[in-house]
Amino acid sequence: MKTYGFIFARGGSKGIPHKNMRNFCGKPLIAYAIEAGLQSGCVDRLFVSTDSEEIAEVARRYGAEVPFLRPAELASDHAPERLAWQHAIRFLQERGDNFHTFLSLPATAPLRTPEDIVRCIETFRQGDCEMVITCTEAQRSPYFNMVTRDAHGYAQLVNTASNAMPVRRQDAPAVYDMTTVAYVSSPEHILATTSLWEGRVKAVLIDRVNAIDIDEPMDWDIAELFMSRRKEGLL
């Protein structure tokens, strides 16, 4: 059962310019995803899909393979990443390089651990789902303290069903935040579907610190704080 890991890293980023290449606690951000994938011990080969020659060079330096540059139309702000997934799979299959398990490790979750990856792979290999995602316990709930706001500024609970109005947060149904620690599936399932939610999807619960996702400057500062604490042995 061959498992191939993939990191999809565009050269452009609006929220944090050149995010994947930016120095994060002493290394380019993308290096953490590469190292976690290789250290997990469950990845036969690790690839980076990018449109940037600079990212490709750094990725190779940290041990990833970059056999192609992603086409520009798959690296725009509006291109769904799933299309880049399908492109990478087809590229390898068309040259006769087939594999059984697809693993995506977004570069934006640098605090993931190799053990997190192993748990996701093991969950998928149990054979009773088509996709594995990761999640953390949510700090807000659509049943209790998540609201919508209309054009006039009036707020309303997201879930207003009569049976969904708990008085205490503890009484609300458990909900989870989806994270970017890992996505696991089969190449065949990814090529045959158009949505993450087609088929049976299992979610692996991840520690909140490990699951921190960098999307904007404040996220970067928070992630650096926790990474620094981890390196100092304080986590």
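The accessible surface of the protein amounts to about 12,100 Å², and carbon and sulfur atoms contribute 50% of that area. The structure described here is a predicted model, and its values are all computed from the atoms. The chain holds 235 residues, of which 46% count as buried. For a chain with 235 residues, a compact globule would have a radius of gyration near 18 Å, and the 19 Å found for the protein agrees with this. Taken along the principal axes, the box filled by the C-alpha atoms is roughly 55 × 40 × 40 Å. Six helices and 10 strands make up the secondary structure. Among contacts with a separation of 6 or more, 72% join residues 24 or more positions apart.

A search of the whole structure finds 13 aromatic pairs. One of these joins phenylalanine 8 and phenylalanine 102, a tilted pair with 6.3 Å between the ring centres and 35 degrees between the planes. Phenylalanine 8 belongs to strand β1 (residues 3-8) and phenylalanine 102 to strand β5 (residues 101-104), so this pair ties together parts of the chain that are 94 residues apart in sequence. Both phenylalanine 8 and phenylalanine 102 are buried, and for phenylalanine 102 the relative accessible area is 0%.

Phenylalanine 102 also takes part in a pair with tryptophan 85, again tilted, at 5.1 Å centre to centre and with 50 degrees between the planes.

Arginine 22 lies over the face of tryptophan 220, at 4.4 Å from the ring centre. Lysine 27 is placed over the face of tyrosine 32, with 4.6 Å to the ring centre.

Tyrosine 32 leads on to helix α1, where it is one of the buried residues. This helix spans residues 29-39, and eight of its 11 residues are buried, so α1 is largely enclosed by the rest of the structure. The buried set consists of Leu29, Ile30, Ala31, Tyr32, Ala33, Ile34, Ala36 and Gly37. Glycine 41 follows α1 and has a positive phi, near 75 degrees.

The cysteines complete the picture. A search of the whole structure finds zero disulfides. Cysteine 120 is in no disulfide, and the nearest cysteine sulfur, which belongs to cysteine 42, is 9.2 Å away. With a relative accessibility of 0%, cysteine 120 counts as buried. For cysteine 129, the closest cysteine sulfur is that of cysteine 120; the two sulfurs are 10 Å apart, too far for a bond, since a disulfide needs the sulfur atoms within 2.5 Å. Cysteine 129 also counts as buried, at 6% relative accessibility.

Methods: Residues numbered from 1 in each chain as written. Predicted model: local features only at pLDDT ≥ 70, side-chain atom pairs only at ≥ 80, totals over all residues. Heavy atoms only, no water. Phe/Tyr/Trp six-rings, centres within 6.5 Å; stacked < 30°, edge-to-face > 60°. Helix = DSSP H or I, 4+ residues; strand = E, 2+ residues; numbered from the N terminus. Buried < 20%, exposed > 50% of the residue type's maximum accessible area, 1.4 Å probe, protein only. Lys NZ or Arg CZ within 6 Å of the ring centre and 35° of its normal. Rg over C-alpha atoms; globule rule 2.2 N^0.38 Å. Contact = heavy atoms within 4.5 Å. Areas by Shrake-Rupley, 256 points an atom, 1.4 Å probe, with all protein chains shown as cover.
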